[in-house]
Amino acid sequence: MKFWDVVKADLMANAGHRSMKKLPFTFLFNPGFATVFLHRVATHWHQGRLKRLGIVIWRWNVTRSGCHINLRSRIAPGLFLPHPVGIVIGEGVEIGEGAAIYQTVTIGKTASPQYPVIKAGATLYPNAIVIGPITVGEKAVVGAGSVVVKDVPDHGIVAGNPAKLIRVGTGE
């Protein structure tokens, strides 16, 4: 997917898929979109010829937003960050299309060298911690304050510390 197509998907996700009138406002003033956009620019430059400039943009973005997304994480289009402050996304994390991540979420590894995989449409609510070589399934929901150390099935809802499966939806 081309860079601007990815940015457009991020813009639409952070504008709430409402109206075209909201897009300029979202582009200019939405802190979640600004954080994702600057991360995309930094990653694009870091992977290209402008590695050092990419690192400068990344560092400035971390300082200004309080959101630490590693340049080596793999994030599909349409990332929604309603409140980006305090989010930490580790180096090997994979995030699917249309995922939503709220404030102070941590996604990282344990002693294992493997990172979590967050599939398309998953939602991680505030203060959730997702660690280790696990998968959070498609359209799964991780409740606020949950500590997830085991796989979450597609359409599953987990909550608690450690997170327990509350329900598995039908996907509709």
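**View 1. Packing of helices α1 and α3.** Helix α1 and helix α3 (residues 31–47) pack with their axes 9 Å apart and at an angle of about 165°, the axes being lines fitted to C-alpha atoms over the stretch in contact and the angle running from 0 to 180 degrees between N-to-C directions. That angle makes α1 roughly antiparallel to α3, a description used for angles over 145 degrees. This is a predicted model in which local features need pLDDT of at least 70 and side-chain atom pairs count only at pLDDT 80 or more, while totals for chains, interfaces and linings use all residues. Residues are numbered from 1 along each chain as its sequence is written, and side-chain values use heavy atoms, with hydrogens and water left out. In contact, meaning heavy atoms within 4.5 Å, Phe 3, Trp 4, Val 6, Val 7, Asp 10, Leu 11 and Asn 14 of α1 meet Gly 32, Phe 33, Val 36, Phe 37, Arg 40, Val 41 and His 44 of α3.

View 2. The 13 residues of α1 (residues 3–15) should span 18 Å at 1.5 Å a residue, and the end C-alpha atoms are 18 Å apart, which agrees; the expected span is 1.5 Å times one less than the number of residues. Buried residues of α1, with under 20% relative accessible area (1.4 Å probe, protein chains only), are Val 6, Val 7, Asp 10, Leu 11, Ala 13, Asn 14 and Ala 15. Gly 16, with a positive phi near 80°, follows the helix.

**View 3. The open five-stranded sheet.** Strands, taken as DSSP runs of E with at least two residues, are arranged here in an open sheet with parallel pairing and the order β1-β3-β6-β9-β12, where pairing requires at least two DSSP bridges between two strands. The edge strands, β1 (68–69) and β12 (147–148), each pair on one side only. Strand β9 (residues 129–131) runs parallel to β12 and is joined to β12 by two bridges, with Val 148 of β12 as the bridge partner of Val 130.

View 4. Strand β11 (residues 141–142) pairs with β13 in the parallel sense over two bridges, and Ile 157 is the bridge partner of Val 141. With β14 (residues 164–168), β13 pairs in the antiparallel sense over four bridges, and Gly 156 stands opposite Val 168. Four residues separate β13 and β14 in this hairpin, and Gly 160 in the turn has a positive phi of about 105°.

Definitions and conventions:
Buried means under 20% relative accessible area, exposed over 50%, partly exposed in between (1.4 Å probe, protein chains only). Angles under 35 degrees count as roughly parallel, over 145 as roughly antiparallel, 65 to 115 as roughly perpendicular and the rest as oblique.
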